[in-house]
Amino acid sequence: MNGTHTRRRLRRLGIAAVGAVVVVGVAAGPAAAHAEVTASDPRALAENVTLSFTSEAESETAGISELRVVLPQGIAPDAVTLKDAPKEWKLTATPDGYAIGGPALATGTDAEYSVTVRQLPDEKSLAFKTLETYGDGKISRWIEVPTDGEKVDNPAPLLKLRAAAPGAKPIAPSPTPSPSAVVPSAQPPTAAPSADPVAAAGAGEDAQATSGKAAGSSTGAVVGAIAAVLLSAAAGSFWWVRRNRSQA
């Protein structure tokens with residue numbers, strides 16, 4: 001009797017222990033694999049690498065509409081191009097990474113997309129801090145980077161890299177155009193042409209008209225002065241003739 005009682009008690013304890021393990025596993029599962037990143041060639045200095053991202057949906061009321069990613073040091077925003085994404089989603093470069101999004105996904109649907117990176121930096125691991133925005137405005141921040149093996153509540157997607165292939169070298173950055181040398185001119189600077197040729201032509205015509213009016217005014221003044229002298233002389237002659245006649 002005592003043996004039967006003991007066996008039943010042990011069976012209950014075993015069932016309770018298994019149930020506790022299942023509950024703990026369910027609670028810890030989503031947080032441990034919420035946001036992930038994998039690479040087609042996870043080696044330092046690898047070129048034209050495809051990075052695939054998965055962000056698990058956690059909202060029960062709205063779907064993911066945008067992912068904002070901060071790129072790790074060594075990857076420039078212009079070195080990333082979109083390879084695959086949900087329908088109508090687009091990638092836009094930002095000062096420190098990129099944003100990818102579009103119409104909100106169905107509630108409960110994970111956001112999966114991939115990008116191509118020109119070259120991975122010479123590092124041992126890369127963290128891609130990610131902000132998830134849902135259609136209802138909720139934002140989940142997966143931006144924590146674990147150090148020394150410690151666990152964090154909101155880990156950023158982390159990509160571990162193997163050593164670079166023998167002979168691999170960093171790609172030289174695109175050359176930037178150098179400013180042209182400024183050569184001083186021996187001649188004095190001329191007036192800059194008008195941006196509006198119609199306005200320039202109008203200004204020239206106005207100047208010519210003003211000059212013509214000035215010349216016409218000067219000529220008229222000279223003719224008027226001569227006419228006044230002649231009239232004065234004629235009046236004097238007429239007076240002198242009348243005076244002589246009256247005396248005769």
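Q: What makes one face of strand 10 covered and the other uncovered?
A: Strand 10 (residues 139–142) has Ser140 and Trp142 on its covered face, while Ile139 and Arg141 are on the uncovered one. In a regular strand the side chains alternate between the two faces of the sheet. A strand here is a DSSP run of E with at least two residues, numbered from the N terminus. This is a predicted model, where local features need pLDDT of at least 70, side-chain atom pairs count only at pLDDT 80 or more, and totals for chains, interfaces and linings use all residues. Residues are numbered from 1 along each chain as its sequence is written, and side-chain values use heavy atoms, with hydrogens and water left out.

Q: How do you know that strand 9 and strand 10 pair?
A: Two strands pair if DSSP finds at least two bridges between them. Strand 9 and strand 10 have four bridges, in the antiparallel sense, so they meet that definition. Across this pairing, threonine 130 stands opposite tryptophan 142. The hairpin has four residues between the strands, and glycine 137 takes a positive phi near 95 degrees there.

Q: What makes the link between glutamate 132 and tyrosine 134 a polar contact?
A: Their side chains come to 3.3 Å. A polar contact is a pair of N or O atoms within 3.5 Å, one able to donate a hydrogen and the other to accept it, so this pair qualifies.

Q: Which residues does glutamate 132 touch?
A: Leaving out residues up to four places away in sequence, they include His34, Ser55, Lys138 and Trp142. Contact means heavy atoms within 4.5 Å.

Q: Where does serine 55 find its partners?
A: Serine 55 stands opposite alanine 111 in strand 7, and serine 55 in strand 2 is also the bridge partner of alanine 35. Strand 2 (residues 47–55) pairs with strand 7 (residues 111–119) over eight bridges, and five bridges join strand 1 to strand 2.

Q: Why are strand 1 and strand 4 at the edges?
A: The open sheet of four strands has the order 1-2-7-4, with antiparallel pairing. Strand 1 (35–39) and strand 4 (80–84) each have a single partner strand, so one side of each is left without a neighbour in the sheet.

Definitions and conventions
Buried means under 20% relative accessible area, exposed over 50%, partly exposed in between (1.4 Å probe, protein chains only).
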